[in-house]
Amino acid sequence: MPNDSTIRATIETVIRQVADESGKDLAADFGEETVLLESGLDSLDFAIVVARLEQELEFDPFSADSNPWYPRTYADLVRAYESLGR
Amino acid sequence: MQLIDLFEDVPADRLLWAISPDEEYTASQLRAWCIHSRQTLLDLRGKKVAVLATGDFDLALMLLCLDGWAESLTLLTAGSDQISDAICASGCEVLLVRQQMEFAPPIPVRVAPPFSLNVPNASNEALLDQHCRTRWVLSSSGTTGQPKLISHSLSSLVRTVSRDLDRGSNFVWGSLYHVSSFAGIQVLLQSWFAGSKLVFSVAGVPLSKRIASFAACGCNALSATPTLWRVLMMSDHGGLRLRQVTLGGEIADQAILDALRARFRDANLVHIFASTEAGVGFSVRDGREGFPARLLIEPPNGVRLRVDAQGHLWLKPLNSDQRLAHGKQELRDEDGFIDTGDVVELVGDRYQFRGRSTGAINVGGRKVHPQEVESWLLRYPGVRLARVSAKKNPIMGSIVQATVVLSEGCDGASPDFKSGLTRFCREHLEPYKIPAILRVAESIPVSDTGKIART
C-alpha cells in the first residue's frame, strides 16, 4: 500500500497532468482549502482524475465507501484516498 | 387542453415563474403578457413553429404563448450545431427567436416580443381561446448522432402530472435542465399544472450561483441528473432545504441515492425513468438503485414494462401518442411497446440498468457513440484497431476508455505516443468524448461477424 506522502504526491501529479492535457490553468493559490470545482478544473476533469488515480493507486475510495460522500475541497479529496490507503 | 387553461383555476396572485427574488411573476401578469404576445404573433396561428432561445425563461414564455396557438412547436437546442438540420427535418414554416441569430436559418425568422409587465391590449380575452391541439416536437440524439424528432401531445406529456393546486402551492421548483430538453419540459409542466412556483436558471451562470438564487427564492424541489447532483454535493449547497429530490436522465447509482438521503433527510427521494422516445415512464421511490422486478406484473401508473431476451427494457405507456415527427420508421412494435434501448439485468428481486443497447456511453447525461471515437483513433498513425467502451465513474456516471492495437514497429509504451494520440483526439472531439483512459493491447476481441465485440 502506498504511504500518505506518496498518495498526496500522486494526486497532485495527476491533477496537474489532467489540467495540462485539458489546456487549463489551476488556480494560482491551489491548496488544501481550494474548492475543487473552483480550482480551474470542472467535474469532467475530476472524473478523469479519479479514474487515473484508480489506475495508479489501484483503488477508488468513492466507489468503495459504504458511507457515500463527495469531496468539496482538495483536502477532502486527499483525505478520502489517505484514509482508504492506510 | 392548453397551458394557459391553468389561468382559469389558479388564484390570480399566485406566483408562478421567477428568475430571482426581485423578478417573480404572478398568474395574472403572465396571463396579460400571453394575450399581448398572441396579439403580436397573430400570424403564427396554426403554423408549424420552431422555437429557439438561449434563456430558459424566454423559451418558457414562447411555449406559454404558442401552445394551443401554433400547429406544432419544435424545441431547438441553443448552441447545437445541428439546428439547421433539425429545422429542415421538422418541416417548420417559421423560426421564433428572442434575438436575431448569427446563422442564416433555412426558413423565415420572427423575433418574439420581450417580456414586459406593461402590456397594452390585454383585454382581448378571445385570444386565450384554444386554436390548435399543438404537437410538441422534441429532439433526441439518434444512434448515428443525427437528431431524431419525436412528436408528443401536451396531454400525453402531462399524463402523470399532479394537478393538486393546494398541494402545489407548497412547492417551489428550481429549473436545472434546459427547458428545451425532455427532462426540462417535465419540470416545467409538472410545476405549472400543480400551480407551483418555478425558478428559472439564467444562462451562463455557474451552478453555485444558481443554487444560491434558488435558495433565495425559496426553492424546495429540484430535479437533476445524478451527475449534476454529484456536482451539487461537491459544491456549496448550504442554503438549500429540499422537500423533493428527483433524479433522471442517467442511471442513478446507490452511492448518490444514499448521499442525497443522508443530506436531505426529510425529502421525497425519487428517481424517474423517462425518455424522449418512450415519454413519461415510471418512478422509483424506495431510495434503492434499479427498479423492483414486480413492476413487470404490477404496471406503475398503468405503464407496462417488458424485458426481452436481450435484456432490452420495453415500455408501453398508457394513452400516449408520441411518434417520430418524420420518417416511416415505427416507434412501437405490434403490441404497442417502445424499445427504450436500455439494457437491464435481474439481480435478486430488482432490475439494474447496465447501459445502452447501442453501446452509447452516457457521460454525465451526454451521449457518446463509441464508433465515432473509434473512427478518430483509427486515423492516428500507428493505430490498427480501436475499441471504445464505458468505464464506470463515481462523478460522471461513466467516462470513455479506449484500447488500441498498434501496427508493428510502433512504440505504444513511449509517453509521446499516448500524449500525441490524446492531443489528436482533442483537436477533433469534444472534451467529454476523449478517452480518459487509454490502453495499448496486443489484441482486441472481434465477434463472429468481424466487428469489434461490444460486450
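Chain B has 455 residues, and a compact globule of that length would have a radius of gyration near 23 Å; chain B has 23 Å, so the two agree. The radius is taken over C-alpha atoms, and the globule rule is 2.2 Å times the number of residues to the power 0.38. This is a predicted model: local features need pLDDT of at least 70, side-chain atom pairs count only at pLDDT 80 or more, and totals for chains, interfaces and linings use all residues. Residues are numbered from 1 along each chain as its sequence is written, while chains are lettered from A and ligands numbered from 1 in the order in which they are written.

**Chain B overall**

The C-alpha atoms of chain B fill a box of roughly 80 × 50 × 50 Å along the principal axes. Chain B holds 12 helices and 25 strands. These are DSSP runs numbered from the N terminus (helices: H or I, at least four residues; strands: E, at least two). Buried residues make up 45% of the 455. Buried means that 20 or more other C-beta atoms, placed from the backbone, lie within 10 Å of the residue's own. Of the contacts between residues at least 6 apart in sequence, 64% join residues at least 24 apart. A contact needs C-beta atoms, placed from the backbone, within 7 Å.

**Helix α2**

Helix α2 of chain B covers residues 27-40. Its 14 residues should span 20 Å at 1.5 Å a residue, and its end C-alpha atoms are 20 Å apart, which agrees. The expected span is 1.5 Å times one less than the number of residues. In α2(B), 10 of the 14 residues are buried, so the helix is largely enclosed by the rest of the structure. Among them are Trp33(B), Cys34(B) and His36(B). The buried residues of α2(B) pack against these elements of chain B:

| Element | Residues |
|---|---|
| α1(B) | 6-9 |
| β1(B) | 15-20 |
| β2(B) | 23-26 |
| α3(B) | 56-66 |

**The side facing chain A**

The contact takes 21 residues from chain B and 20 residues from chain A. On the chain B side, α9 (226-233), α10 (254-263) and β23 (383-393) each supply at least two residues. The largest share, four residues, comes from α9(B).

**The β23–β24 hairpin**

Strand β23(B) also pairs with β24(B), residues 397-406, through 10 bridges, and the two run antiparallel. Pairing requires at least two DSSP bridges. The two strands form a hairpin with three residues between them. Lys392(B) stands opposite Ser398(B) in β24(B).

Notes
Buried ≥ 20, exposed ≤ 12 C-beta atoms within 10 Å, placed from the backbone. Contact = placed C-beta atoms within 7 Å.
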